[in-house]
Structures are given as C-alpha cells and as structure tokens.
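Please open the model in your viewer and keep the sequence panel beside it. The stops below say what to select next and what is there.

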2 protein chains.
Amino acid sequence: VSGDYEPIDQEFLDDFATLSSFGATPAGGVDREAGSPADLAQRAWFAQWLTDRGFRVHTDDIGNLFGMLEWVPGAPVVLTGSHLDSQPLGGRYDGAYGVLASAHAAHRLNQKVAAGGWRPSLNLAVVDWFNEEGSRFTPSMMGSSVFTGKLAGSAALATTDAGSVTVAEAMADSLGQPWTTPVQSYAEIHVEQGRILEDTGVTIGLVTATWAAQKFDVVVTGEQSHTGSTVMADRHDALVGAARLVVAVRELAERFADAPLHTSVGRFDVLPNSPVVVPREVRLNIDLRSPDPAAIAAAVDLLRTTIAAVSVEVGVEIDLALSHAWDQQPYPAAGVSLAAAAAQRLGLSHQEMMTIAGHDSTNLKDQVPTVMLFVPSVGGVAHNEGELTADEDCLAGVALLSEVLTDLCSEAPAILR
Amino acid sequence: VSGDYEPIDQEFLDDFATLSSFGATPAGGVDREAGSPADLAQRAWFAQWLTDRGFRVHTDDIGNLFGMLEWVPGAPVVLTGSHLDSQPLGGRYDGAYGVLASAHAAHRLNQKVAAGGWRPSLNLAVVDWFNEEGSRFTPSMMGSSVFTGKLAGSAALATTDAGSVTVAEAMADSLGQPWTTPVQSYAEIHVEQGRILEDTGVTIGLVTATWAAQKFDVVVTGEQSHTGSTVMADRHDALVGAARLVVAVRELAERFADAPLHTSVGRFDVLPNSPVVVPREVRLNIDLRSPDPAAIAAAVDLLRTTIAAVSVEVGVEIDLALSHAWDQQPYPAAGVSLAAAAAQRLGLSHQEMMTIAGHDSTNLKDQVPTVMLFVPSVGGVAHNEGELTADEDCLAGVALLSEVLTDLCSEAPAILR
C-alpha cells in the first residue's frame, strides 16, 4: 500500500486494540456473542467514544446502536457501519473493523466541518448493527433485518438462545425507540474473509454482487433405542442418517467444477446425546453458496436424491426445509463507480469482486443505495481467532471510507440510483 | 406363562404404576435421570415404601439406597436390586422393574419369616443403585462401581453434568455413610432389552455371561472458519471428519457376518455449533460390542485404518482413546443352575443367554456370587418410551426372584463358589 493519504493513524490503531480487548481470548481472538457481557461492555465503551466526540447516541428498538452527526437540521442521513458482535472464538476484525473505520471516518469528516473546510448536504450516522453473527440468536443479520423491515421486531425480540434467554431479556437495558430519520444511503467496509485480494496483491475490493445462496433446516428422525442390546437390523439411527447427509453435502462441492460451490453444515444437534442411546433425532443446517444459482439448484436436486436413498437405507425420516435463499444480487453500479473513483484519487489498487458471506449491507442495499468495500484478510482466515488484516490495509480502508462518505454526504440523493 | 405360583399380584402392579408416574412423559415413558427432581422424588417414595414394611433404610456415600431386613443379627447380607434412574425419554421397566421386583420379593420373604414359616441363615437387603444409566453423569453404573471399589467415590462425586452441577451437589441431601455389612451374594432381575426371549417364546433368561465390549472417546480436531467465504480446499472441517467416522462405525457392523457386532455412536458434540462456522472440533463416543472379543479386536483394526485415511482426506486430527473395555465375562455357573432349578419348580420356561447391555450385576459379579435374570421385552424395545414387558412376565419374574432369594438366604456361603 502506498496511497495518497496519511498512512499512520495511531489513534485508530489504539482504539482498535481497545475494541479487541472486549471478550479477548488467549489465542488472540474475541468471543463476543450478541448481548453477552463482553458485547454489552464494548457497546458501552463505544457509546462513550461517540459521545466524547460530539455524536448523539441513539439505540433503537432491536438494539442497533447509532452515533449521529447532525450538520444539516432535518436532512436525511447517510448511514455507515458494521457490527461489533463476534462468533464464539471469532476474529478481531470481522465487523468490529468496519464499525471503528466508520466511526473514525465520520469523526474526520466532523472535524473538517467544524474547521469550516467542508459543507455537507446530508447528515451522517455511524451504526453498530445488533447480532450480525447469529450464533447465539438465529437468524444472523438480525438488527439490520429488523431495521429494513425484513424481520418483525417482535419475532426477533422473542428469539431464544440455547439457555432459553430471549433477545428482549439479554438486551433489556439496551433497547430504545425506533429510528425515524430518513436514510439516504449506506456504506460499509469489512475484511474480505477470503484470499482473493491477498492472492492478487490488491488493497481494495469493490463489491459488485453477492453470491447466490440456499440454506436449509434439516430434521432427521429415527427411533431411540439401546446402543448395546438393540439388534443392528432393528435400529433407526438418526445420527447415522445425519452423518451420511454431512458427507454427501461435502461431496456436492466436488461435483461442480465449473462454478465454485461452497457447501457446509455448521450446526448439528443430537438427541438425546447419551453414550448408550441410539439417537432419535438430529437437527442440522445445510448451507449452499455459489456465484451461479443454477449450480445451487442442481446441487439441491442431487441432495434430494441422496436424502431419498439415505431415508430408505438407514430407516429414518428426513425433512428438508428451505430457511433462507437469495439469488445473486447486485450492489448498485453507481456506488461501485463512486468508490472506484475515490480509490483512484487516493492511489489505492482496487478490483471488483463478489461477496460470498452475507453482511448487513446485503439487507441495506435492498432499501437504499449502498456501497460495500473490502480490505484484505491474511490467508482468508475468517470466523477464527487467527483472523488478521495488516495495519496498513486497515488504515487504507479508513481513508477510502472517509472519501466515499464525503462524496455520499455531498451529493444529491439521486447519485446511486 | 402358566407357572406354579400365584399369577395375580395387584399390589405389585399398582406399585409399578406409581413408580412409573415419577418423571412420566406424555408418550408413556419416563424421564428420570440420576439426581433429577423426578429421581429424588421417586427415591423418597421408595424409602417410605420400605420403611412402612419394616425395612431399615440406609443411603451410602454415593447415594445407593438400601432397604435392610435383619433377621439374623450380625449375619452377612444377600443383596438384590437394580436402579430407579432412567435415560432421557426412557422406558418404565428398565431398572425400575428390577428394584420393585426385589422389594416385593423381599417383602414376601419377610412375611414368611414373620409368620414363622421359614428361617433364613442370612439377612436380605434391597438396593436402588445410583446412576446406572450414566446419561447425565458419566460413567454409567456409577453407584455399583463405587460400591465394588472399581471407581473412587471422590471422583464420582466430583463428576459434573452438562450444566456443571456435580454429583455431590445433585445428591447433597441424599448422601450417607458407607455400607459396612458383609455381602454374601447378589441377585438382579431386569427386562431383556432384546427380543431373544420373545422370539423363542420363553419367559425367563438365565444370564451366563456378558458380551465383550470396547468403548472409545474420540476427539476430531479441525479448524474453525467461515462457512460461506472459506474456499473448500482450505477447510479443515471437524464435522465432516466425524461424520465419516459415524458412517464407518455403522458399516463395521455389516462386515462381521459370523459373530454379531453391535456398533454405535450415541454422544456427538460439535463446536462451536454455529450455522455459519465450519466446526473446529467434534467429541464423540464409539461403542463396539460382540460375544466374540476377536471380532471387536478386528473391528478396531479396521477402525484405525479408516481413521488414518479420514485424517488425511479431510485434513483433521483424530484422537481415539479407549475409555472402557471388558472381555466376555461369565456369571457363576452355580447361580445359573440354582435359578434354573427354581424356574423348574415354578413351571417357568427358561433358557440360558448372554447379556449385551451392562448391568449393576456386571460389577457385583466380580466381587460376590451373583445371579442375573431376564424377563421378555416386547419387540426388544429399550431406552425408548415404548418399552414394554407384559404384566404376566413381570409377575413371573417376581415369583422366580422370591424363590432364588429364598435359596440364597437359606444356604451356606459356599453355594455359588
């Protein structure tokens, strides 16, 4: 990286180190699930950070945390942010980097306004979206889904974790009134979580579209019996049925050589989970992603054939229910051009790319013009304590986001449509 | 069944219905894990039942519950019993039948002594062994293992459940002093948990030996990453590795046509178990049982070969640790003969057989002469709410156990050696 901007910002790096101390794990990651003590402590620190710098802090009715800079009374707002929560034993950068980059970029713009060096047409607000990760409370991207009207707030608040705690209970002291200011546009920066930028030696990814995805909830139902004494032929072992599915899902990825197909099972619950009982039920999720929706459709057909065969061979029932699906979805081309021009001005190498992972911007882009930016991830390591992005790449991202937000806050509403 | 004994005992059936009400489930089973409120309530009811009929109740230092009939001051005791705890969503008969059969048989003998119709040489005690099932607190057969010195009491008391509650905490109000009276012999009756008796139309199984078994704890270690964005070739998916093992363990059973081999995985825990995270670790158990120890040894060899292949192909580490093993173990032949003669006198059909499941008698038989009896299980259904044994078979078992206990309490110490 050798861009046309101040490459060292010790204050940003110090603040990022502080952020990384909330829920810090011995192996260098963070464990900060939504609504956990570590998440709540970090939110409190961040709210104070915003207040100290003149942002007006607002928490909405699902726990999204905003810091508002009202430069033009009554004008719509440009939103920018990401999420502070993490996966269990997750990385320091996923989400938290984007929130802090947004806050620092907004603070820079505010200083420019205060110094009389720039006069925006729109206001700016930083946001920490509640529960992007969805590991403790399902589904993921909960806060931005409620904000964009894709998920009912009442349903989200009633969601329970494994210990039967509801979102409403976990966030009892952190809920406020709904956000009412009109939103003009949205910008988010995130670590790539893949290694395309690293492999190509490019600093900035300009996200043009999401991969298509289909997600399923699966219930395998067998019959509980004694592991020792039950004759093998009499067994209806839900775990054997579910294990055959996991293996089949992995093999699907290898059958699509033309378009990449990413397949996985992440959640897998066995009942009754006793060492001497043949399991009666397994609940699992299946996650299929590809840039090519036809590849996913073909994979689902193969999966249904496998399920029919496994049901008969193992003697179990298998229920496959689509829980979430999206086609390849474009981000606005105007936003990509705007970000490319900004990167050009700063001398930052950049390339267009797709995002495989979902982000809060995936929700926002369906409601308002949205810009999504990536910085490199070392080795593409993600959802892992070893996640890393180089300081210089982090700072290049802050510089670019500042430039993009300057454009978004300056221009007329129609720029991205 | 048409034996030479009183075939109707409404009091036994009523008491059994009462027992089945503790932890009763809507589907007709029971959920009464060791130390749970349902288990403790049932123990209290049973202690009162014993007290009301003149038994002296004693609870030892691991929570085994005894009811003592002291006919001959200072004489050794014949023990008889089983366990009142159940698997989660388990059956009504497993264990509870044997405890109640022992109690009723002992009460009959006590009435005979009181009426002056019989003069025993030994005392008799009924026992409810603590935590035979091992689903909440591992290992199974905990109470009888501590009683027979196979497991340290301190280690057992420190064992935790999934919620970090220790045995000492769960049983805090139910622990007493160690049992000190010399034990002369032991008798246990249990439902078969298989369908050999049903298939052959025989009422009584005389247990001659246990199947051999090897049990393993397995840890599959991969690397946590993002289910969406991580390139398939970069994944080290612990769940895929573990699923391949489950499938391989099932297939082992089909490779041994000569000796039956029962294989299973009952416990299977995935970390972090989040829908968008490639699992970093799976912990599971493997249970292999056969009447032929050589078949188990050969199966373990095949398993090790599979593990080596899966480790390389999936890119995970797999650690296989033997947790428990036993060879085919005989029950004393003299006890089998004694029980056969008693069945003959009552006109009950009977046959010799092995037990595949472990029982508290498996521990006791290594310390004292032990008799193990089975009554039929409808369809061999076990560890399942649908478990059933016909009333007439239950009552035939009580009659036979009364006869066996009469012999054991009458005879000289050497009878079974």
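**First stop: a loop and its proline**

Select B:Pro139, which sits in the loop between strand 4 (123-128) and helix 4 (142-147) of chain B; helices (H or I, at least four residues) and strands (E, at least two) are DSSP runs numbered from the N terminus. The peptide bond that leads from B:Thr138 into B:Pro139 is cis, with omega near 5°. In chain A, a cis bond likewise joins A:Thr138 and A:Pro139, with omega about 5°. Stay in the loop between strand 4 and helix 4 of chain A and pick A:Asn131, a residue that is not a glycine and yet has a positive phi of about 50°. Most residues other than glycine have a negative phi, and most peptide bonds are trans.

**How to read the model**

This is a predicted model, in which local features need pLDDT of at least 70 and side-chain atom pairs count only at pLDDT 80 or more, while totals for chains, interfaces and linings use all residues. Residues are numbered from 1 along each chain as its sequence is written, chains are lettered from A and ligands numbered from 1 in the order in which they are written, and side-chain values use heavy atoms, with hydrogens and water left out.

**Second stop: the two copies**

Display both chains: a rotation of 180° with 0.1 Å of shift along its axis superposes chain B on chain A, with an RMSD of 0.1 Å (least squares on the C-alpha atoms of residues with pLDDT of at least 70 in both). The two copies are thus related as by a two-fold rotation axis. To find that axis, select B:Ala243, whose C-alpha, at 2.2 Å, comes closest to it among the residues of chain B.

**Third stop: the interface**

Now select the contact residues (heavy atoms within 4.5 Å), which number 58 from chain B and 58 from chain A. The area buried between the chains is about 5000 Å², with 55% given by carbon and sulfur atoms; buried area is the accessible area (1.4 Å probe) lost on putting the two parts together, summed over both.

Which residue forms a salt bridge with B:Asp234? The partner is A:Arg195, and the closest N and O atoms are 2.6 Å apart; a salt bridge here is a side-chain nitrogen of Lys or Arg within 4 Å of a carboxyl oxygen of Asp or Glu. Across the interface, 2 salt bridges are found by this rule. Finally, colour helix 8 (238-254) of chain B, one of the elements that each supply at least two residues of the side touching chain A; helix 8 gives the largest share of that side, 8 residues.
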